Amino acid sequence: MDPFNSQYILKEKRWLWIDYDKGISIILVGFGHCYLTLNGHGLALSSYPFINYINTLLYGFRMPLFFIISGLLVGKSLNKKGAGGYIGDRVNNILYPLFVWGTIQITIQLLAVRFTNNGTTSLNYLYLITDPRQNGHFWYLNALFFIGCYYALLKSKLKVSPVAQLFFGFILYSASAYFKLNGLNFGFLNDICEYYVFFALGDVISKIMLAEGNIERFSSWKIFLPLICVFAVVQYYFTGDNIKPTAFGIQYTEYNHPFLFLFEALIGCVTSVSFSFLLQKYRALTFLRIVGYHSLFIYCMQIIVMSIARIVCMNVLHLYYVPALVLIVWTSGIILPIFFYNFCLKYNLWWLYTYKKPVKQVEYMKVSSIFWFDRNKKLLEKKEEEALLNTN
């Protein structure tokens, strides 16, 4: 039984440290989503301040890291597929699941609006493109799609160099800082302006980071130990500001000191990357690679799964002990989406994630017993065949 399809994934030729890094990032993002899912439902979260402290401590670099990783791969993708192929892949892998899972979540919220007063209206379908922050975490897929497309067109059609794009990204980030400090909202453009610089940075450093000869150099405790010390000091300092009760919540630094937030995010990203190289060197915590491989699929349905887990725990099992709820809801939001994604591939529901059939994976699933009920079914079929042969 292999419900996470780990055998297939671990045999794939991939940059291991990238999967490690994405695994770390989506688990940290999941903790933040878990806190949001549990907040405001009559639970005594304030009685466990360490939970909010951890959520605040890990906030600053979780999302920038995803954009840097995506930028690392843009050059290779453009060389291999061209701008048209690259954008087509982003439509298939990012924009399509944004529409599918965004529509599913909004529809569920509309059906529940009379019971929860969540403020969802039919306009939220339009907001998936125009103002995705109105739909919570779906802003990331929107920004990732448009930033990648704009960057690819500038790089391939106008021949804008990565360094020039990084400078352009810093200008956009400065515009984003101005928007934040003055309370201006331009919908999806706000996130493009804020995160373009991280995507461009990924492309600038890609040749260094993806070079096989540099893996041993970066897999060094001499690099990681000083970084983790700097990381701890920086995060401690900014957590002290972000945890204060203000209208900005844990985004206080991001909205009031955006250039300090940029510094905080980069320190966190560098530390996470360094740790990922060490994990690759020692082949440790392999499950993080599995999680990282599925990170986008986890992200798409994480809030839905966590909301269901919370409802079951609180309304069916009558579980209200906050630490246990955090552990169950957080774990469910990581594990169950992986299970469901592989179930969809196995039983021809892959169209929930892409409009192009992932032929290689689907064919592998057809001949593999990744679930216990598959194995039982095949054992039963084998016994029936043996019985038939014996009777003959």
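The legends below describe close-up views of a predicted model.

In this predicted model, local features need pLDDT of at least 70 and side-chain atom pairs count only at pLDDT 80 or more, while totals for chains, interfaces and linings use all residues. Residues are numbered from 1 along each chain as its sequence is written, and side-chain values use heavy atoms, with hydrogens and water left out.

**View 1**
N242 belongs to helix 12, which covers residues 221-242. Helices here are DSSP runs of H or I with at least four residues, numbered from the N terminus. The relative accessible area of N242 is 3%, so the residue is buried; buried means under 20%, exposed over 50%, and partly exposed in between, with a 1.4 Å probe and protein chains only. A polar atom of the N242 side chain lies 3.5 Å from the backbone nitrogen of Y252. Setting aside residues up to four places away in sequence, N242 touches T56, G249, I250, Q251, Y252, T253 and E264. Contact means heavy atoms within 4.5 Å.

Y53 sits in helix 3, residues 49-57. With 29% relative accessibility, Y53 is classed as partly exposed. Y53 and N242 are 189 residues apart along the chain, and their C-alpha atoms are separated by 9.3 Å. Which residues are in contact with Y53, leaving aside its neighbours within four places in sequence? They are Y236, T239 and I243.

A salt bridge is a side-chain nitrogen of Lys or Arg within 4 Å of a carboxyl oxygen of Asp or Glu. By this rule the structure has seven salt bridges. One of them joins K155 and D203, with the closest N and O atoms 3.0 Å apart. This pair links distant parts of the chain, 48 residues apart: K155 is in helix 7 (residues 139-156) and D203 is in helix 9. D203 has 5% relative accessibility and therefore counts as buried. Another salt bridge brings together the side chains of K180 and E194, at 2.6 Å from N to O. K180 is in helix 8 and E194 in helix 9, so this pair ties together parts that are 14 residues apart in sequence. K180 is buried, with a relative accessible area of 12%, and E194 is also buried, at 1%.

**View 1. The salt bridge between K281 and E216.**
The side chains of K281 and E216 form a salt bridge, 3.7 Å from N to O. Because K281 lies in helix 14 (residues 258-282) and E216 in helix 11 (residues 215-218), the pair ties together parts that are 65 residues apart in sequence. K281 is partly exposed, at a relative accessible area of 36%. E216 is exposed, at 55%.

Y178, L184, F186 and L189 make a nonpolar surface patch of about 380 Å². Patches are made of residues with over 30% relative accessible area and no salt bridge; like charges are joined within 9 Å, and nonpolar side chains (Val, Leu, Ile, Met, Phe, Trp, Tyr) within 5 Å. Accessible areas come from the Shrake-Rupley method with a 1.4 Å probe, and for residues only the protein chains shown count as cover. F186 is in the loop between helix 8 (162-181) and helix 9 (188-204). Its relative accessible area is 44%, which makes F186 partly exposed.

**View 2. Cysteines without a disulfide.**
A disulfide is a covalent bond between the sulfur atoms of two cysteines. The cut-off used here is a pair of cysteine sulfur atoms within 2.5 Å. A search of the whole structure finds zero disulfides. C229 is in no disulfide, and the nearest cysteine sulfur, that of C269, is 19 Å away. C300 is buried, at 0% relative accessibility.

**View 3. Two loop residues with positive phi.**
Most residues other than glycine have a negative phi. K159, which is not a glycine, has a positive phi of about 60°. K159 is in the loop between helix 7 and helix 8 and is exposed, with a relative accessible area of 65%. H318 also has a positive phi, near 55°. H318 is in the loop between helix 16 (295-316) and helix 17 (322-346) and, at 54% relative accessibility, counts as exposed.

Methods: Polar contact = N/O pair within 3.5 Å; in protein donor to acceptor, adjacent residues only side chain to side chain.
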